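Thanks for making time this morning; I would like to walk you through one model, going from the fold of a single chain to the way the chains meet. Please have the coordinates open as I talk.

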Amino acid sequence: MSVKSTGMVRPLPATVALYVALGILTLIILAPLAWMLLTSFKTDAGAIQQPYGLPDPWSIDAYTSLTGGQTPVFRWLLNSFAAASLQTVLILVTASMGAYALARLDFAGKRIIFGLVIVMLLVPPVIFLIPNYLIVEELGWLDTIAALTVPGAAGSFGIFFLRQFFINLPREIEEAARIDGAGEIRVFLQIVLPLVRPALATLAVISFLNNWNDFLWPVYVLLSPEHMTLQPGLSMLQGAYRTHFSIVMAGAAVASIPVLIIFAIAQRQIVESVTGAAVKG
Amino acid sequence: MTVRAYLFLAPFLAIFATFVIAPAVFGLGISVTNWSPFRARTAFVGLKNYIALFTPGSLQATQFWTAMRATGLFVVISVPLLLVIPLAVAALLNSRVRAATFFRTIFFAPYVLGVAVIGLVWGYILDTQQGILNHILRLFGLDRDIPWTVNTPWVWVSLVGVTVWWTMGLNTVIFLAGMKGISAELYEAAAIDGAGTWRSFRQVTVPGLRSVTLFVTTTTILASSNMFGQSYLLTQGGPGDETRTAIMYIADQGLSQNNMPGATAMSYVLFLILAIISVVNFRLQRDRGEESKS
């Protein structure tokens with residue numbers, strides 16, 4: 001933990017005030033999640049009769065009613081993981097190969113392609129919404145995982161981001177390998193890629209979170225309950241169980257607990273990824 | 001060399017051309033036609049769809065600018081809060097705090113949940129009859145239920161409050177990372193000059209964060225102007241069209257009402273306005289930076 005020395009000792013009241021402020025903030029952040037969890041363990045009637053107390057009796061009814069039918073929340077969880085992972089892999093592969101060419105190889109048309117990448121970086125996503133819907137429909141991808149993963153992987157952030165890292169690598173590294181007779185693919189896979197592993201990890205975290213949190217696009221391109229991901233699925237759940245608060249909160253809990261656990265384990269990498277792209281990028 | 005380079009670029013170019021370049025051009029194309037899935041022949045109509053958006057009194061123009069007003073209002077209220085609160089929290093965490101990483105982790109956590117979870121949980125908390133927020137306020141002596149997600153101005157309080165709760169942590173960790181990059185010597189120098197906490201924050205921290213602040217301001221304006229999920233889930237755009245944002249209206253017109261030409265024209269108008277705001281914001285912050293240097 002970096003501690004800034006200001007050459008002064010903080011007076012006790014200031015210290016108390018500081019921790020009280022942080023404590024209140026922590027409470028504001030955690031209380032809604034605690035209420036979500038408590039409500040999810042109530043019975044349907046219990047949530048209506050005693051909405052503000054502890055569950056009495058404790059019950060997992062709400063969770064069991066989420067296992068099938070029109071609101072298979074556990075399935076949506078898997079779909080969300082599948083879509084976010086697939087899109088992340090797609091971005092890592094296409095962006096790293098493309099960024100390698102843009103940063104390390106000389107070829108005709110390079111400046112035009114890089115120019116397009118930059119321009120498209122500045123265009124807000126709303127521009128692509130309707131035409132991409134029509135393209136995805138034309139490809140027959142509506143209601144498939146392809147619609148959830150491929151268009152979103154086509155943005156230029158990844159290639160732009162990785163290019164900055166590739167361009168800073170010293171030339172000698174590949175030249176030595178080429179003299180030894182290594183082909184371009186081997187230079188890329190065995191020499192260049194391992195050197196930018198932290199950048200790849202950062203891009204992976206950002207890509208995964210973006211896909212995981214995307215809401216508007218899946219709401220419109222997914223149709224059938226079994227193909228839903230969490231984001232559009234939960235909004236359906238809200239409609240289906242409007243006043244069955246224990247079931248709605250159980251759905252929210254199923255959607256949040258796995259990500260919160262992953263976040264707790266990998267919080268340093270995740271926070272460094274989102275800040276790294278901001279502060280250095 | 002060129003062939004090899006294009007082999008490396010091929011996978012990226014294939015999806016980039018199909019889902020970025022093609023739609024950008026195709027969208028502009030649709031916006032100057034009367035294209036409809038129910039019409040056998042499509043005709044070129046010039047700027048008609050754009051002119052319709054600037055014709056006072058037409059239904060399309062009224063609804064579009066009502067939605068633009070909702071987006072504008074949300075940006076104007078949410079962006080300052082999403083800058084000031086995270087800056088203050090980051091400053092707290094950057095002073096000598098035990099377990100700063102623990103607090104940072106807690107404050108960032110809501111951001112990883114996704115807007116649907118936020119919508120469900122807060123929809124329940126803010127529910128007029130069943131919600132715990134009104135229950136707590138009643139314990140504190142409030143004698144009526146506040147219609148958090150039903151009536152103005154409460155809908156705006158809710159949408160902005162929920163957004164701050166959800167995304168505050170993102171800007172906080174970015175500011176905090178920026179603060180770690182400010183040299184400790186600057187703080188020592190300020191302390192020797194007799195600067196207290198507040199003055200060293202004003203004279204060392206804030207100037208040291210200039211480029212980070214520009215980044216955070218820009219991304220927060222863009223994120224807030226893209227607001228969709230909170231309104232969709234918490235207020236359904238209501239009451240009336242009060243909280244139906246521009247993105248919500250464009251998506252509804254284009255994807256539910258089959259008014260694709262109108263919706264693409266709207267998206268280009270929105271794009272243009274965002275581009276102007278970005279340039280103005282960039283200029284303002286840069287000028288301020290130069291002023292304080294001289």
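This is a predicted model: local features need pLDDT of at least 70, side-chain atom pairs count only at pLDDT 80 or more; totals for chains, interfaces and linings use all residues.

As for secondary structure, chain A has 14 helices and zero strands. The radius of gyration of chain A is 24 Å, well over the 19 Å that the globule rule gives for 281 residues, so the chain is more spread out than a compact globule. Along its principal axes the C-alpha trace spans about 75 × 65 × 35 Å, and buried residues make up 41% of the 281 residues.

Chain A is divided into domain 1, residues 12-64, and domain 2, residues 73-240, and the centres of these two domains, taken over C-alpha atoms, are separated by 37 Å.

For one example of helix packing, take helix α4 (residues 73-104) and helix α7 (residues 145-153) of chain A, whose axes lie 9 Å apart at an angle of about 35°, in a right-handed crossing. The residues of that contact divide into nine nonpolar, four polar and no charged.

Finally, how many residues does each chain bring to the contact between chains A and B? Chain A gives 81 residues and chain B gives 85, and on the side of chain A helix α14 (residues 245-279) gives the most, with 16 residues. That side of chain A divides into 59 nonpolar, 18 polar and four charged residues.

Note on methods:
Residues are numbered from 1 along each chain as its sequence is written. Chains are lettered from A and ligands numbered from 1 in the order in which they are written. Two residues are in contact if their C-beta atoms, placed from the backbone, lie within 7 Å. Helices (H or I, at least four residues) and strands (E, at least two) are DSSP runs, numbered from the N terminus. Ala, Val, Leu, Ile, Met, Phe, Trp, Tyr, Cys and Pro count as nonpolar, Asp, Glu, Lys and Arg as charged, and the others, Gly among them, as polar. Domain bounds come from an automatic or database domain assignment. Axes are lines fitted to C-alpha atoms, for helices over the stretch in contact, and angles run from 0 to 180 degrees between N-to-C directions. A crossing is left-handed if the near helix is turned anticlockwise from the far one by less than a right angle, and right-handed if clockwise. The radius of gyration is taken over C-alpha atoms; the globule rule is 2.2 Å times the number of residues to the power 0.38. A residue is buried if 20 or more other C-beta atoms lie within 10 Å of its own, exposed if 12 or fewer, and partly exposed in between; C-beta atoms are placed from the backbone.
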